[in-house]
Amino acid sequence: MRYAETGYHLEIDLARGNIERVETDPKLTELHLGGLGTSVKLHWDRVPPETEAFDDENILTVSTGLLNGTPAYSANRTLFTFISPQSGLLAYPMMGGFFSAELKYAGYDKIVIRNKSPKLVYLWIHNDKVEIRDATHLKGKGALETQDLIREELKQPKAQVAAIGLAGENRVFTASIEQSRSSASRLGGGAVMGDKNIKAIAVRGTKDVYLARGAEFMSLMDEVTEYINFRNTNPIPDVMTILSGIGSPQEMKHTDEKWHTENFMWGNARTRRRDFWSKDNEANWTNAQLTAIQRLISCFNCPQQCGALVASPDSGSRYMMKCFGKLTYAMASYVDDLNFNFRILQRATEYGVDSFSTPQILAFAVELYEAGILTDKDFEGCPSDKEGRFFWLLDRVAHREGIGDILADGVYYAARKIGKGAEKFDHNTIKKHEQLPLKLGMLDPIYYLMYSTNEKISITQIEGNFPQAAFPTREQREAFVRDWIQVPDDRFKQYVLEWEPRGDKSIPYFPTPQMCSEIVDWMEMLHNIDDALGICAGMGSFCLKPPYHIHNYPKLISAASGMDVDEAGLKKIVNRSRNLHRAFNNRRGMRRADEKPPEDHWKRRFPELEEELLSTYYKFKGWNMNGVPTKERLIELDLGYVAEDLEKRGILKDGENNEEN
Ligand code: SF4
């Protein structure tokens, strides 16, 4: 019997219409756990390095994590892995909601989709019955509308449906995959799904998931429950409100947006609005938010309620809003009315587009127009007011009409297609992907490493357990470290105690490059564990003092799966998957030169220090100076076959250096 996992994949060949239920090798779980780990392995084994995003060979993997479907709180992430049309690298956006548990209960750990369907279809998975069904009648339908139509058509009100909207069908590079309470948004999963001609995946499952040692697991969960209750009633003092608790940033619970609105750069990551949070704006925004919210909601088996069902003031139709999407369209367009954000996000969700990247792309177009690079001809028929202009541009992008066809590839590619100096306006992409629009004064060495090196590319999902800034006073630091049970090693407490907002022990030279390497490695490791288990980062890697951490994860994994995993073993497993992921991207051409934030990311840059940071981090990770894992490191992680492959391709020479050294 298999524990925690089902032990089966669903393999679907869309070209042949072939569906297979395939038993998986338990050894793979021992080596990579599940979720992201086993998905990366699958891509390494099956996707040749020359494969492009829209090639038949680009496999789309829909994956649960090892703990999905168990009683572990917040184990509800569904991961999509594929070669991204935007970055050209292996992407893994994920969504919360209810899909992954349902898939486990239907009896599958992953759906592996290859090739393309000749016509638009949707998948219907109902325990052992799996069908590829015609979806031509759903062409052009909204991502949320499609979910309702499929549930009605199947007469399965409890089915969980992940769907794309028009943007995905049209292969817009920022197209998302939407599911009633969440979405997998980054790096174009919706475009890959659309390219394969899959409108939606519907699933209903009624089987069981087994625990190896159920009583032990539940007793461990009692401790987790106790901690959640404690933290919910004891917010961390002296940090910004959204970081004081647990769960994904509580944007929908809190109305105070002073920090986001005044510290981020708006428009096309261009303007900092230092006085935005005036009394008037605060009153308007608070009122708009409280009026629009119908109720706060959670994902599957999570007590935190960090999303909200909101009713669009225009149409009255309801959709889920969460996190930073609450304000990105309003701020990017310089429309100071939060109701505008509620209205346009409803349309954007039906189209199925990423609410981090898309507003920046629209603002980029407006900037180019104002600079005379795009002309009246490109904007023919576009309203002149800010709101109307954003709606018009969003429609063009989703339909790939006129200038929208170029913008639909994202800022990096659009800038190069448009030319005439537009490249200079591409100032907020890393690895061809729009970043969070946050540009600050002084280089932050920890963020420098996170922005530059993580395979997720999306910054908000890399940062985590280490404070984002130094506490002003010694007393505050001592209070913070006092009950910091989550640290893997007490030296991290010392780093916090010594870290000053100003002076010798402040950024950019403190934490030192070695300390920064240790900090970033720890935070990244936690994200990789969450992503292998299917746990929401809001309860593990993303927040400051989460209920899940390196000390209780091994016990939970062991009790759930029956594997005997300790802390060292768990670190080795996720390091293995993380290095395999890096090698996969190295095989696709990613090198040191790609690992850099945009030039204007901080006003004050320190080129020598930045090089030292990168070199120190690479060394710490066991990578060569071009960011490729060395043979020694790979062998240590039982990845000798990867070293061989990299050597054969000339990416590694003499086990360490490569062709560019
Ligand atoms: S913390 Fe929020 S995003 Fe995470 S699982 Fe819970 S409700 Fe969902």
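**Exercise 1. Sort the shell around the ligand by residue class.**

Step 1. The shell then holds five nonpolar, nine polar and no charged residues.
Step 2. Gly247, Cys299, Cys302, Cys306 and Cys536 come nearest of the 14 residues around the ligand; a residue is near if its C-beta atom, placed from the backbone, lies within 6 Å.

The model is predicted: local features need pLDDT of at least 70 and side-chain atom pairs pLDDT 80 or more, while totals for chains, interfaces and linings use all residues. Numbering starts from 1 along each chain as its sequence is written.

**Exercise 2. Describe how α17 and α18 pack.**

Step 1. Helices are DSSP runs (H or I, at least four residues) and strands likewise (E, at least two), numbered from the N terminus.
Step 2. The axes, lines fitted to C-alpha atoms over the stretch in contact, with angles from 0 to 180 degrees between N-to-C directions, come within 9 Å for α17 (residues 474-482) and α18 (residues 491-498) and cross at roughly 160°.
Step 3. The two helices are therefore roughly antiparallel, the term for angles over 145 degrees.
Step 4. On the α17 side Arg477, Glu478, Phe480 and Val481 meet Lys493, Val496 and Leu497 of α18, with contact meaning C-beta atoms, placed from the backbone, within 7 Å.
Step 5. This contact has four nonpolar, no polar and three charged residues.

**Exercise 3. Count the helices and strands of the protein.**

Step 1. The protein has 24 helices and 22 strands.

Conventions: Parallel < 35°, antiparallel > 145°, perpendicular 65-115°, else oblique. Contact = placed C-beta atoms within 7 Å. Nonpolar A, V, L, I, M, F, W, Y, C, P; charged D, E, K, R; others polar.
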